[in-house]
Amino acid sequence: MAAPQSLTRRSFLAASAAGVALARRGLGASEGGSEAAEGEPSPVIDCHAHLAHHGAADWEARDRRLIEAADKLGIDQLCCSILTPKRPATAEGFRECNAWAAEAVERFPGRVLPYCYVNPGCGQEAVDEVRRCIEDRDFMGVKLYNEHVCTDPVVAPIVELAIELRVPILHHAGHGHHPFPGQPNISDGGHLAELGRRYPEARLICAHIGGGGDWEWTIKALRHASANVFLDTSGSVTDEGIVEMAVDTLGVDRILFGCDMSMTAGVGKIRGARLNPDDKRKILGANMQQILQMRG
Amino acid sequence: MIIDVNAYLGHFAFRQLRHNTADALLRWMDEKGIDRAMVSSASAITYRNTQPANEELAHAVQSHRDRLIPLAVINPFYAGWEDDLRACHEQFGARGLRLYPKWHNYALSDSRCHDLIRAATERRMLISIPIRVEDYRQRSWLVDVPDVPLAEIVELVQACPEARFVLVNGAGYTGSLGKKDNGLPANYYIEISRLSAVLANEIGQIAANLGPDRLVFGSGMPFKYPDPPLLKLEVLDLAEEIKKQIRNGNAARLLEWPSR
């Protein structure tokens with residue numbers, strides 16, 4: 001039944017705002033002259049992705065499918081973490097995940113930018129792991145999940161180390177009006193805003209506006225957060241207006257494109273948002289690129 | 001041509017919808033290349049008496065019947081559903097029903113529900129069932145409405161073999177509904193807006209296992225951006241002929257339109 005793929009990454013991007021960047025590289029269809037006034041070309045960066053845990057029998061195939069999906073959808077780079085299947089993660093568990101993430105960088109050169117995943121509750125072992133991954137393995141950031149609310153003092157050493165190493169923290173987040181099962185310590189936009197106030201030098205990414213419950217609540221909770229708190233667009237929810245409200249409320253410079261493995265939802269909602277091409281260019285990669293360049 | 005089997009007009013109780021009038025929806029459909037859409041009232045999801053919402057819908061689509069295909073929302077446990085069904089079909093031209101068993105608090109297995117489906121089917125009306133209205137994680141503090149379990153759909157399609165069902169806003173059809181030789185009547189169609197087209201590629205799996213003639217395009221407009229399902233059609237590793245079936249052929253057959 002399968003037929004040769006009819007849509008190339010190039011032709012897809014020509015139909016989306018991401019084509020703005022690639023058109024300049026000579027890969028996309030020609031674009032209007034107004035682009036000359038727009039920002040510099042930038043890669044399309046998915047700021048929220050995951051590689052498969054090697055406990056899954058088909059982990060290699062799953063990782064390969066992720067890269068193939070990125071190829072189809074015009075995503076140049078994926079910022080990936082590997083999470084332990086059960087949480088709270090043990091130090092042994094997150095070290096194993098991070099070692100696999102480092103291997104993935106070798107398997108997919110230029111495509112995978114790894115986050116170091118730790119459970120801050122592991123104390124010094126978590127701090128040591130972050131330092132090892134960033135300094136020795138050249139990871140691009142830190143991924144924190146739901147073991148602790150981000151304003152819990154136990155998280156502070158990780159935040160302070162991320163500031164020292166000049167890397168962002170992608171923090172799992174959500175806000176529902178009914179409890180999220182199994183996630184008593186989930187952080188929300190309000191917590192991330194508070195953490196941003198406490199640590200203005202940190203670069204904090206509030207995860208998946210499309211996968212974290214009431215997205216209108218989250219956007220409003222982040223409205224007065226400092227400029228060091230970003231919001232990623234990932235998640236399976238594709239409600240009309242979600243991207244526009246985030247941009248209108250927080251400003252386009254604080255919005256980062258992501259999929260969190262909901263690939264066509266992630267790309268499609270950016271494609272569908274009523275934003276100008278330069279705003280889409282910023283969301284799709286330029287903003288994340290600026291964060292990545294913090295390390296120098 | 002693209003036929004959207006999953007669209008709405010009107011207001012939703014828990015979130016502002018934009019582009020939710022007939023004119024606005026049509027403009028949006030034009031932007032996206034969607035030719036026709038099956039629409040029901042979003043307001044009817046939370047109305048006790050849904051008929052005024054069906055009347056509003058009928059009025060809204062009256063001068064756009066070439067493109068907007070009305071579906072009526074009816075609760076078989078509400079007094080006078082038989083009268084409402086007759087009015088929706090005969091006066092308003094509804095081509096189908098949209099059922100909300102969880103929002104309207106009844107069981108799909110109840111004989112009254114089967115009576116409604118049977119009566120609609122006798123009128124050659126489709127039965128559209130949204131598996132969910134919105135993502136469960138964002139539900140209001142006022143409600144705790146679950147998704148319709150697919151196991152209940154399995155029982156329903158077996159119990160009403162003459163009916164034609166369109167399952168929208170669903171995912172996870174890896175059980176019997178998504179498999180050939182599942183012992184179920186071939187009386188249901190699966191809409192793609194929440195199905196993956198890459199990674200697990202649920203659309204490809206259903207096309208291979210159940211058959212491409214059982215997949216239909218839907219967007220969820222104006223609740224959702226139409227771009228993700230349109231993008232799915234672009235990136236799917238399926239022959240163009242199959243994509244055409246999903247875009248319009250299967251829905252046209254459902255609507256009993258002459259083949260083009």
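Student: Which residue is the bridge partner of B:Leu167 in strand 7 of chain B?

Tutor: Strands of a sheet pair through backbone hydrogen bonds, either parallel or antiparallel. Here B:Ile190 is the bridge partner of B:Leu167. This is a predicted model, in which local features need pLDDT of at least 70 and side-chain atom pairs count only at pLDDT 80 or more, while totals for chains, interfaces and linings use all residues. Residues are numbered from 1 along each chain as its sequence is written, and chains are lettered from A and ligands numbered from 1 in the order in which they are written.

Student: In which sense do strand 6 and strand 7 of chain B pair, parallel or antiparallel?

Tutor: Strand 6 (residues 165-168) and strand 7 (residues 188-191) of chain B pair in the parallel sense, over three bridges. Strands (E, at least two residues) and helices (H or I, at least four) are DSSP runs, numbered from the N terminus. Two strands pair if DSSP finds at least two bridges between them.

Student: What is the strand order of the open sheet in chain B?

Tutor: The eight strands run 1-2-3-4-5-6-7-8, with parallel pairing. Strand 1 (3-9) and strand 8 (215-216) of chain B are at the edges; each has a single partner strand, so one side of each lacks a neighbour in the sheet.

Student: Is A:Lys86 buried or exposed?

Tutor: A residue is buried if 20 or more other C-beta atoms, placed from the backbone, lie within 10 Å of its own, exposed if 12 or fewer, and partly exposed in between. A:Lys86 is exposed because it has 8. A:Lys86 lies in the loop between strand 2 (77-81) and helix 4 (91-107) of chain A.
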